[in-house]
Amino acid sequence: MRTKCLVLTAILLSFAVATLAADSEAFKKFKDDYAALDQDLLNNETEVAPIKDFIYQKDAATFTFTDGRIFLARYIDGRPTTAFFIGKGHAQIDIPSHVERMSMAYASNDSLVNQDFDVILIKFGDNLDLKLREKIIFSKQTLEWKDYNILKKAQSEFFFRPSIQHEYDNFFQLLRSIYERSDDGFFWCDFNRYVYSYDPNRPEQSIVAYERSGGDLVITDGAVQQRKERAISDDLQMSQILYPTTILERHADLVMGGLEGRDVEQADCKARLLVNADSLKYLSLFLSYNLNLDSMQVNGQNADFYRRRDFNFIGVLLPSTHHKGDTLDVRLWYHGSSYWTVFPYVEDPTPSKVSLTLLAPRGFSYLATGLGPAEKIDKGVKFTIEPDQPYREFFFKGYGSNFDTIKVVSDVGVPLDILKSHSIDKNRVTCFVPDQLYQTTNVDAFNFLCSQLGTPAGVFELYVYPYAPITHPEGTMTMPGIEAIPQECCIVNGTGGFQLVAGYQTAQQWFGSLLRPASDREFWLADAMPEYLSLVYVEKSLPGGAFPSEMLHRRSLLDSVITRKMDMPLAAGTRIPDSLSLYKGAWLMHMLRFLMFDVNTGSDATFMKFVRELALTCNNREFTNADIVKLAEKYYGQPLDWFFKQWLFGRNRPEYTVDYSIVPKDNGFVVKVNVAAAGVDPAFSTPVLMSVAGVKDDGGPAIFRQQISGPQTSFELGPFMKKPSQFQFNEFFSVLSSDKVKQK
């Protein structure tokens with residue numbers, strides 16, 4: 001198969017490959033300096049000096065070296081890049097943002113950083129050494145074993161060294177700052193179980209991280225914030241991030257091969273970037289680590305780059321310095337196995353125009369939004385992919401030719417092509433979804449969501465693509481125009497079953513790859529809305545206990561997370577675990593639904609109108625969390641800052657202890673209720689739905705919305721002419737809370 005693809009490459013595409021020139025002198029120096037940053041300290045020359053009452057301010061952090069010795073080491077261009085202190089010192093870090101204090105509490109169980117330390121190690125590309133020399137005099141010394149042992153025991157450099165969990169290569173980031181020495185340069189330090197870093201070349205420069213458990217292999221980012229001078233601390237402003245670059249458009253010519261036509265034998269990708277930074281000499285670029293980058297050009301010139309194994313991060317040394325408003329035409333040649341994420345990306349999640357040309361041996365087929373007809377060329381086949389919409393992420397799927405297509409037209413006239421795979425052997429799997437159930441459920445889910453939200457953006461024909469998650473776990477992402485829905489799916493009685501799966505994947509037609517978040521702090525919406533809309537579909541399609549059962553299941557999982565103090569704000573962005581984003585995000589939407597619920601008519605139409613406009617807004621322009629809040633307030637009719645502060649930007653949940661009694665009053669009856677609240681701030685206040693049964697002539701319950709405020713709330717419901725038969729606190733699970741209810 002590889003031979004065929006190489007023939008296709010030579011005959012059909014005539015790929016132009018960048019000349020693989022020998023390393024330039026500058027790049028040789030870069031690699032030597034890169035290695036020097038990690039040289040062992042033992043028996044190497046250092047400078048040492050006694051230090052007393054020295055204060056160093058680095059953005060949000062203040063370090064006081066009260067009394068001890070400070071060492072300077074690892075010199076590049078005549079200046080040190082590493083410092084360490086042994087003695088008595090103190091660190092205080094300012095975290096002005098509420099959402100980041102809540103995130104810090106998740107990482108360290110403390111929202112503040114106010115720590116004494118005995119050892120601190122610093123990596124720096126700023127002018128710390130010059131500030132020290134203004135105050136103290138150093139002498140040269142070979143590092144002794146006893147001091148080296150103190151550093152090793154503290155494992156001070158452990159979290160600096162690159163690992164596959166790092167988004168950035170710390171060594172590259174430090175070195176680029178060393179070459180541009182300034183007071184604003186790179187600074188990283190490790191003390192106790194904390195790591196504080198300031199990187200001027202990241203979108204959010206200041207990060208406070210913590211080793212959650214002794215012996216952790218990965219440091220946990222707690223507070224992530226922009227430099228102090230920007231003064232952005234309000235929860236609703238945190239998405240206002242200045243990204244160094246933005247991708248404007250991307251195109252790739254791919255030669256596909258492998259046993260299933262899924263290997264990228266060769267890729268020639270062109271990406272146009274806009275420079276947003278005042279000046280740019282080094283470029284941060286990202287590409288799936290499964291794709292091996294062979295060479296690169298920038299504006300037609302060969303560009304040096306540094307990339308570690310298993311890293312998405314690529315550090316690019318630009319041939320010349322660029323400035324704000326410039327464009328970079330980046331061309332990359334690569335190969336590998338990650339066929340479904342072939343495009344490079346940058347930190348800015350702004351979507352861009354994408355297009356692809358695929359060449360493969362005959363017999364292979366592909367599925368993607370904007371896919372043109374297959375063109376037979378010599379011994380191969382050519383596909384062009386040109387979607388109309390811009391994408392943050394773009395995927396295509398290789399599915400061979402062993403599929404039947406079942407054509408259906410939805411209620412709103414959208415053609416639905418349901419692909420039936422012959423590769424899934426229903427006789428060999430225990431959880432095969434029968435064809436009839438698979439087809440009817442997928443069509444029904446699409447029709448239901450269309451009835452609630454309107455036709456999804458940009459979809460004129462929808463492909464429903466089945467896969468077996470056991471045998472084909474990769475390449476199963478749903479995107480506009482394509483739903484990747486498993487036909488091998490275990491269904492548990494009493495739950496949402498296959499309706500939940502179909503509903504979630506279908507809902508991504510409205511809340512998926514076309515969303516335009518301003519930053520990663522809005523990514524929670526792409527999890528929360530499909531998850532909750534799938535539950536709404538379950539509620540409609542499986543009347544009875546499936547919906548409340550699913551909600552209670554998610555509450556139980558969240559209770560476990562909260563009990564273990566592992567809850568964190570949804571607006572923490574990609575730091576939040578996927579499962580927490582799904583379940584907590586779904587509960588946020590559920591509570592918002594019942595805030596907008598009409599207790600007189602029993603209608604949730606207002607909420608669905610909100611969701612519909614939310615989809616239109618977020619698919620057609622860049623949006624922030626502030627936009628989501630503003631739109632919710634429009635439909636609620638009142639401020640919702642109190643709600644989002646707790647559920648989007650905060651953590652934990654209320655614990656209600658309720659006692660009630662049904663007593664005669666004024667020739668009728670009332671329900672007297674006392675509610676004690678714990679687990680939240682004493683100022684926390686929220687409306688809670690409750691019902692009283694047996695008091696209405698039509699036999700239905702009377703629904704009430706009651707404000708519960710502070711540690712203790714008492715109120716009466718009624719009077720009622722009939723004696724109530726039942727009182728229900730937190731009807732419809734209107735609030736994510738722990739409820740203990742008893743009748744006196």
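This is a predicted model: local features need pLDDT of at least 70, side-chain atom pairs count only at pLDDT 80 or more; totals for chains, interfaces and linings use all residues.
**A sheet, its helix and some aromatic contacts**

The charged end of Lys397 sits over the ring of Tyr465, 5.9 Å from the ring centre.

- Four strands make an open sheet in the order S23-S24-S25-S26, and their pairing is mixed.
- At the edges are strand S23 (403–409) and strand S26 (482–486), each of which pairs on one side only.
- From one strand to the next, the twist averages 25°.
- Strand S25 (residues 462–467) runs parallel to S26, and the two pair over 5 bridges.
- Helix H7 (residues 435–453) packs on this sheet and touches S23, S24 (415–421), S25 and S26. The direction of H7 makes about 155° with that of S24.

**Aromatic pairs**
- The structure holds 49 aromatic pairs.
- One of them joins Phe160 and Phe171: the ring centres are 5.2 Å apart and the planes meet at 50°, so this pair is tilted.
- Phe160 lies in the loop between helices H5 (145–154) and H6 (170–178), while Phe171 is in H6, 11 residues apart. Both residues are buried.
- Tyr366 and Phe396 form an edge-to-face pair, with 5.9 Å centre to centre and 65° between the planes.
- Because Tyr366 is in strand S19 (residues 366–367) and Phe396 is in the loop between strands S21 (380–385) and S22 (397–398), their pair ties together parts 30 residues apart in sequence. Tyr366 and Phe396 are both buried.

**Another charge over a ring**
- Arg392 lies over the face of Phe523, at 5.2 Å from the ring centre.

Definitions and conventions:
Residues are numbered from 1 along each chain as its sequence is written. Side-chain values use heavy atoms; hydrogens and water are left out. Two strands pair if DSSP finds at least two bridges between them. Axes are lines fitted to C-alpha atoms, for helices over the stretch in contact, and angles run from 0 to 180 degrees between N-to-C directions. Contact means heavy atoms within 4.5 Å. Rings of Phe, Tyr and Trp (its six-membered ring) pair if their centres lie within 6.5 Å; planes under 30 degrees apart count as stacked, over 60 as edge-to-face and the rest as tilted. Buried means under 20% relative accessible area, exposed over 50%, partly exposed in between (1.4 Å probe, protein chains only). A charge sits over a ring if NZ of Lys or CZ of Arg is within 6 Å of the ring centre and within 35 degrees of the ring normal.
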